[in-house]
Structure formats: structure tokens, C-alpha cells
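Here is a short report for a first look at this structure. Keep the view open while reading.

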Amino acid sequence: MATIQFDNLGHSYHPHPSKPEDYALRRLSQEWEDGKAYALLGPSGCGKSTLLNIISGLLVPSEGRVLFDGLDVTRCTPEERNIAQVFQFPVIYDTMTVYENLAFPLRNRKVPAADVDRRVRQVAEALDLTADLKKRAQRLTPDAKQKISMGRGLVRSDVAAILFDEPLTVIDPHTKWILRRKLRQIHEEYRLTMIYVTHDQVEALTFADKVAVMYEGAMVQLGTPQELFENPEHTFVGYFIGSPGINLMPCTLGSDHALVDGIAIPLPDRAMSSAGGRVGGKFELGIRPEFLELTRSGNAGAIPVQVTGVDDLGTSKLATVRLNNHTLKVRLSEEQEIPALDAAIRFPTRWTKLYRDSHLIG
Amino acid sequence: MDKVQDNRAWFLIIPVFLIVAFSAVIPLMTVVNYSVQEIFGPGQTFFVGTEWFEAVLKDERLHDALVRQIIYSLAVLAIEIPLGILIALGMPGGRSAKTSLTLVLLALPLLIPFNVVGTIWQIFGRGDIGLLGATFRAIGIDYNYTNNSAHAWVTVLVMDVWHWTSLVALLCYAGLQSIPPAFYQAAKIDGASKWAVFRYIQLPKMRGVLIIAVLLRFMDSFMIYTEPFVLTGGGPGNSTTFLSQYLTQMAVGQFDIGKAAAFSIVYFLIVLLFSFIFYTIITRTGEGEKK
């Protein structure tokens, strides 16, 4: 187990990076706690795999340092760092049995046979592989093979961290769910530091204590699933987390409110105070569909809108409304009635966010 | 769905039938026919049953040639397969000028016609004008492949290694290149030694190409003719006379067509048998335990 620190960490595949776009991973200083489950979430090419490979030691960063428990490991091999990693596609040793596959990392480290046997059986039990232990790994299904790959990561009890690089890509949806719960259980039981890379928000949010959202090489927010949902610090987080993502409208600033096409929308005080001193930049107003309120016009603070469509999702309804040229999504409960003619929306001040150049200012 | 009955489909297969019959089936059957006849000349033949086969199986010279042949082929495999694997492991990967250069250099011996290879080595090994022969002579080794059977033997073997190890190396290289990088990364993380990486990742992944390499090298070396014929002519004595050369002497030299035909069939069956044995052994060892 280890606390992982990034000290001015950055990586570029260019030999002489000059502009920010040259970086696959932009400058980053952070500390990740021991024994927590982290997820690295972002679309393809956002730098999450680069960061993972830097943590595991498969890649040496071009700038900055990585520290495990305060010790500089930037140039250490994966073995020296004592980490385990599970890859996107199952990596198994074809000629070995499932048991030998699971025992391999331990035997390479000269762990006594009795301990090897105990650990292998424990991990096999946790991953439902006990019945297959004597079979040759090559004969199993892709699901089972990926379980073996995971098992080889989990079998070492003394690892600094276990890294998962989109490990459930090849698994069918049902098994995915079960395996993720299994990982979660294992994490809770052994309190291992786990780092899980994925582009699937459900996977990230259900697995991790803390989710790091990556976008164009930058880590735009690190927070609990709740923080990411309620307080997205970057418009990308608002857009990427949640389904559908946050509603965004370009706006200008009034004295104590935002102006969207001349319509005043109240802002929280903190937004006003932090926006006050700053001039210039592109301002955007954001609110999650879950927090917008649909009501009738005439009520206090209600802004008249036109309802252009309603999707019934079974457990909730999703209304599409037009406010001048802007299309907004509103999530409603199943029972709520949708006014046909005099519909209006209200922006609860607490959930209304102001962004300047994509970054949250209040 | 209704099955379409259309006998015209047969017409499409006829050309293949004709070509295979003309090029393989009829010649093979002719050989079978010859093997049970005594032939004095065109039209002067009579049936002798299994007499030729009995004669072939008792032929002392043939026994010698067969033993020589088996030792030779096994030596070829024992040298070329491990050497080919070693070369493939040492080759640079990725798309670089170094890779292209290595590939071209390795492919060169494979592009040289067999009798040219024989001629190259014939000159190479000569004590008076050949680089190899002269070098040996200069450092005091009395190397002469024309009158020393051990020297002749080793020269033929080294020539084959020179000519064909590239094939094994290229096949293995192709096998190695198809291993995804994640396997090496996982092995690193699992703390595997270099030997373990070879034993548990590279070797199993090369199994498919190794089967092909072993079969090709076995069959080719078992049927070797041109290179030793050019280099030593089967000598000194009979020390480098392999099966195919003995067969040619019998069929063309002594015009012993019936016996040569019987020999051919036995020869063919031996190659088939050995190939089958190798194939079975290699596929079994890879599969491991039975269900």
C-alpha cells in the first residue's frame, strides 16, 4: 500500500514540446490517498492511459516526479515499484493452468509454496475460478481469461497499488456488473489502493471513491462521484458525467445575475463575487437537467419556455424545452404533469453554475 | 430454402481435376505401375509382384543412405531451429531502416538458386582459391572436402544452415511480431525473468510457425539433392550420398526403373511417416494434458 504523489508531473511524446497541445499529460501536482479506489475517467486520447503507464512505471514521464510514500520512483521499473496492472485485453500464459497463472507472480518473487497456495485459492474463490484451477488457461472463455488477468493482479498481497486499464472491455454486460461488484468487495475487504481507467462513467462512478476526470491531457477535476455530479468544476465534467449532460448557455453578467439573451437568471453570491473582478473571457451558465424545475409561467422566478418533446425513460421523464435559441433538457419524475401551453422553467440558485472559459467560478 | 440442383457445377471443377490428374495422380500411378514390373525396354515388361520392394528393403547401400539421411535431417533441425529462434529474438522490431536491412539480409540466401548455392560453397571451400578453404589452410587445418568424408559432411551441413536458417528466423520473427505489447508489460509486472518470458510467452506464441518451420525444414532436408550433388557429387565415396541422390543414380544412372519406382514409393512413405510423427509430437506438446 502506498500514498501516490504527483509532483509537477507532465508528459509529452514530442522531443521539444512548446505549446500545451504538445502534452499528452499536462502539468499535474496531486496526492492520492493510500487504500482508496480511484478511477481515471475520460474519452479516448485524453491522457488517462498515459498517466496510468506513468504510475505503473511502463512509461517514464518527460517532466516531474512520481512519489510512492514520499519515495521518488519516477525511474523505477514496475517491479521495483511493486505494482500490479491488469490490461484491456486478457493476458494469460497459454501453456499454464489457471492455478499456475495465478501463482506465477508469486513464484517469480520466491514466495513460499504454502503461501502461494493459500493466496491463489483465496483469489480464485473471490473470482469464482476455483472450479477451473486445474484447467489450462487457454481453453477458457474471454471472460474467464480476463478474470485470470485480474487474479494475477490481486494475488500479491503486498502491492503498492493495483492498476486496471479498462479491464472490462471484453466482458459481456451482465458479467461486467458482477465483476465490478467483486472488485469493489475485494477493495473494501483488503483496502488496496486501486486505480481504474475507463471511459464509461457508470463504471467509474460505481467503482471509485474518487474519480479523476481527464480531458485533452489535463485532469479537470478530482472528486467523489457526488462532487462531480453536483459541482462540476469544468464544463467537460458537466457534459461527460450525467446522462444527459449539463445544460450550458453562453451568458453575460449583470449586477447580481446572468443575462442569457437579455433574460435575467439569478446567480449564487459566490459566483458574483468571484466573477466580479475578472474582465473578459467567455462566460457560460450551466445547470444539470436534474436540477432545473418545470413549472407554469406566472410563478415567481419562472421563465416561459416552449416544450418541444418529452421522452419517457420508464423511471423518469426527460423534457426538451426551448428558451429562445437554446435547447435545454429537464429531468422530471414520472408523475409530474407537463404543462402544454404555459410551461416555464426556474433556475434554483444553488444549482446554477457560472463558468468562465470552461472553468467553474461559482 | 430449396436446394438448387445444378449439375453444371461439375464443369467448373473439371479443369482442376484435369490438372491434378495430369500433374500428380497419373505420374504417381505410373510409378506404382513401374514398381511391380520388370522393364527391359518400351513394350518389354512383365509383372514381378513385390520383388522390387523386397530388393529395395534389402539393399545395403540404401540402408546406409537412409541412416545418413536421418542423421543429416535431424542435425539440420537441431541446428537450424534453435539458431533461427535465436536470430529472430535478436532482430530489431518496429518499422525502422534497421529492421528492413535485417530482413533483406536474411532473405538473401533464400533467393539464391540451389545449384548456385552449391557452386558458391564449392568455390568457397577450395583450398587454393576459396576464402574458407584458404583460411583453414593458412591457420594450419588440413581442410579438404573432396577427400575427407567428415569435412565433406560438415560442409554440406553448414551449407544447408547457411542457406535455410533464414527461413526459420523469418517465420519465428513473424510469430514474435504478432505478440501484443501488453504480454511483455504484464510479464514485467509479474516479475518474470527473461527466460520465463521466452518459455511462457514467446515460445507458446511461436508454436504455430515452429510447426511449419520444422515440417518444411525436415521435408526439404530429407529430400535434399542439388546442393550436395553440386558440392561433392555424393562423395568422397558414398559419404554424402543421400536418398534422393541414390535414387537418381538408380533410375537414371543404372536405368533400374522398376527398382527405382519401388524405392520412390518407400521414400515417399518415409517422408510422410516422419512428417506425421513430427506434426503429432509438436501439436501434442503444445496442447498439454488431455481432457
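## Two domains in chain A

In this predicted model, the centres of domain 1 and domain 2 of chain A, taken over C-alpha atoms, are 38 Å apart. The domain assignment places domain 1 of chain A at 4-240 and domain 2 of chain A at 247-360.

The two domains touch. Domain 1 of chain A brings six residues to the contact, and domain 2 of chain A brings seven residues. On the domain 1 side, two residues are nonpolar, three are polar and one is charged.

## Where chain B meets chain A

Between the chains, 20 residues of chain A are in contact with 15 residues of chain B. Two helices of chain B, α8 (181-189) and α9 (194-222), each supply at least two residues of the chain B side. The most comes from α8(B), with six residues. By type, the chain B side has ten nonpolar, three polar and two charged residues.

## A bent helix

Follow α9(B) along its length. This helix has 29 residues, yet its end C-alpha atoms are only 35 Å apart. A straight helix would reach 42 Å at 1.5 Å a residue. At B:Arg207, α9(B) bends by about 55°.

Buried residues of α9(B) include B:Tyr200, B:Ile201, B:Met206, B:Val209 and B:Leu210. Further along, B:Arg217, B:Phe218 and B:Phe222 are also among the buried residues of α9(B).

## Helix α11 of chain B

Helix α11 of chain B covers residues 243-253. Its buried residues are B:Leu243, B:Gln245, B:Tyr246, B:Leu247 and B:Met250. Just after α11(B) comes B:Phe255, with a positive phi of about 50°.

Terms used:
Residues are numbered from 1 along each chain as its sequence is written. Chains are lettered from A and ligands numbered from 1 in the order in which they are written. This is a predicted model: local features need pLDDT of at least 70, side-chain atom pairs count only at pLDDT 80 or more; totals for chains, interfaces and linings use all residues. Helices (H or I, at least four residues) and strands (E, at least two) are DSSP runs, numbered from the N terminus. Ala, Val, Leu, Ile, Met, Phe, Trp, Tyr, Cys and Pro count as nonpolar, Asp, Glu, Lys and Arg as charged, and the others, Gly among them, as polar. The expected span of a helix is 1.5 Å times one less than its number of residues. The bend at a residue is the angle between axes fitted to the seven residues ending there and the seven starting there. A residue is buried if 20 or more other C-beta atoms lie within 10 Å of its own, exposed if 12 or fewer, and partly exposed in between; C-beta atoms are placed from the backbone. Domain bounds come from an automatic or database domain assignment.
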